[in-house]
Amino acid sequence: MVAQAVPPVLTTTDPTYQTALRQYDRAVAYLPNLPSGVVEFLKWPRRELTVHFPARMENGEVKIFTGYRVHHNTVLGPSKGGIRYSAHVNLDEVRALAMWMTWKCALVNLPYGGAKGGVVVDPHQHTQSELEAITRRFTSEIILLIGPKIDIPAPDMGTNAQTMAWIMDTYSMTVGYSVPAVVTGKPLNIGGSLGREEATGRGVIVCMLEALRQKDITKSPPDISVVIQGFGNVGSHAARRAHELGFKVIAVSDASGGYYNSKGLNIPEMYAYARQHRTLADYRGEAEPITNAELLELPCDVLIPAALEGQLTGENAPRVKAKLIVEGANGPTTPEADDIFDDRDILVVPDILANAGGVTVSYFEWVQGLQEYFWDEDEVYRRLERILVRAYDEVVNTAERYNVNMRTAANITAINRVAQAMITRGFYP
Ligand code: NAD
């Protein structure tokens, strides 16, 4: 007798991946006409690679590191997604982040699938030359999965433009010619795009402006208070843009803790400080210290979580006082917290919409690189805003049509788009 194939079952104990899968289940419940095989397939990562590799430290010691690259889906085009350096990164977290990239790219109509990568390393514990050694070796370990037409990495938590330069150089040296389009988020002098560094934070503020209109908050910007968790790439640029537009940024935080001033913080000074010291620790400007937990519960108009996953939970969501939440980070809100925010009429602009500015300008960078024709900053920002506002309106319309919140609406839109493309392409062989 031939043994029956048992379909694999996707289970996880990782809270971030659990969140991604539950969000998926919630959205596909509104798409009953999709074939069940397609619904099942889109849950799974298409391919994933785990690597263990050595790198030499400055003191001569050789250390072993673990890294991952996951392609969640490639139906709409080459896969796209950041590389994260964090002591806590694990395969399930990368799977979740790769899945969110698929939906994010589809939502803003980019011709990309979703991917993500990570290395288990705390970048603050290493010198630049050690980070370079780790990055170059990691690149060569995952080189079979990346390429300008295959999978294009970008910065994420713990990585930056310099990391992308090392990846681009390692890839280029391997193939024997320069391939700037293998990564995005590169420095400008090797083919980066104007506006890429600021793009995610700026896009968050584009979405915040739309959300303020949607919530009918008509106060003038100086009377609108904004609280931001995280002061890295996303948080600091969101803070700068909000400050530039006249909003009152009353609290920001990073891993060193929170900084609060009810009259508004001096964001340009804090940005300069953080750039110089790589942290806000010991910042002595006009601000009182608060904890990250307190920051999330401050009375304010807008809360922008822009650091880690799983920050707004069933436990603290009842105490959140913001009128609207714009997700700069990926996965900062658990499904339990989403339900509480729905009940409390707190509008949540979901990550795959609110932080899509980064991948959108990454796409612009890739297009400019392939065409070897570069745009000015105004052009980048104009196109970015048009794409985000269009996606925002589409999510609002879907939310009204299905009577769901913005997250489920965004996921319905994105998942359906990928599913329909898959059905149109057919099933090989
Ligand atoms: P980053 O490494 O530049 O900054 C992360 C920030 O979070 C730092 O200020 C760090 O100190 C802070 N932080 C760490 N632990 C914290 C804690 N416990 N409490 C408060 N703050 C803490 O990373 P980033 O690129 O700004 O990414 C932040 C989030 O945005 C991540 O979820 C990432 O996936 C997401 N994201 C980033 C981009 C991008 O273009 N960089 C695009 C889309 C989404």
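How many Å separate the centres of domain 1 and domain 2, taken over C-alpha atoms?

Modeller: The centres of domain 1 and domain 2 are 26 Å apart when taken over C-alpha atoms. This is a predicted model, in which local features need pLDDT of at least 70 and side-chain atom pairs count only at pLDDT 80 or more, whereas totals for chains, interfaces and linings use all residues. Residues are numbered from 1 along each chain as its sequence is written, and side-chain values use heavy atoms, with hydrogens and water left out.

Domain 1 covers 15–182 and domain 2 covers 197–349, with bounds that come from an automatic or database domain assignment. Between the two, 15 residues of domain 1 are in contact with 12 residues of domain 2, contact meaning heavy atoms within 4.5 Å. Together they bury about 1,000 Å², of which 43% is on carbon and sulfur atoms; this buried area is the accessible area (1.4 Å probe) that two parts lose on being put together, summed over both.

Both domains also take part in the ligand site, since the shell around the ligand draws at least three residues from each. In total 23 residues surround the ligand, and the closest are Asp156, Thr200, Asn233, Ala255 and Asn330; a residue belongs here if one of its heavy atoms lies within 4 Å of the molecule. By type, the shell divides into 8 nonpolar, 11 polar and 4 charged residues, where Ala, Val, Leu, Ile, Met, Phe, Trp, Tyr, Cys and Pro count as nonpolar, Asp, Glu, Lys and Arg as charged, and the others, Gly among them, as polar. Three elements, α6 (196–214), α7 (233–244) and β7 (248–254), each supply at least two residues of this shell; helices (H or I, at least four residues) and strands (E, at least two) are DSSP runs, numbered from the N terminus.

Turning to polar contacts, these are pairs of N or O atoms within 3.5 Å; within protein, one must be able to donate a hydrogen and the other to accept it, and residues adjacent in sequence count only if both atoms are side-chain atoms. An N or O atom in the side chain of Arg84 is 2.9 Å from an oxygen atom of the ligand, and for the side chain of Arg196 the corresponding distance is 3.3 Å. Asn233 takes part through its backbone, with an N or O atom 2.8 Å from an oxygen atom of the ligand. Taken alone the ligand exposes 830 Å², and the protein buries 83% of that; accessible areas come from the Shrake-Rupley method with a 1.4 Å probe, and for residues only the protein chains shown count as cover.
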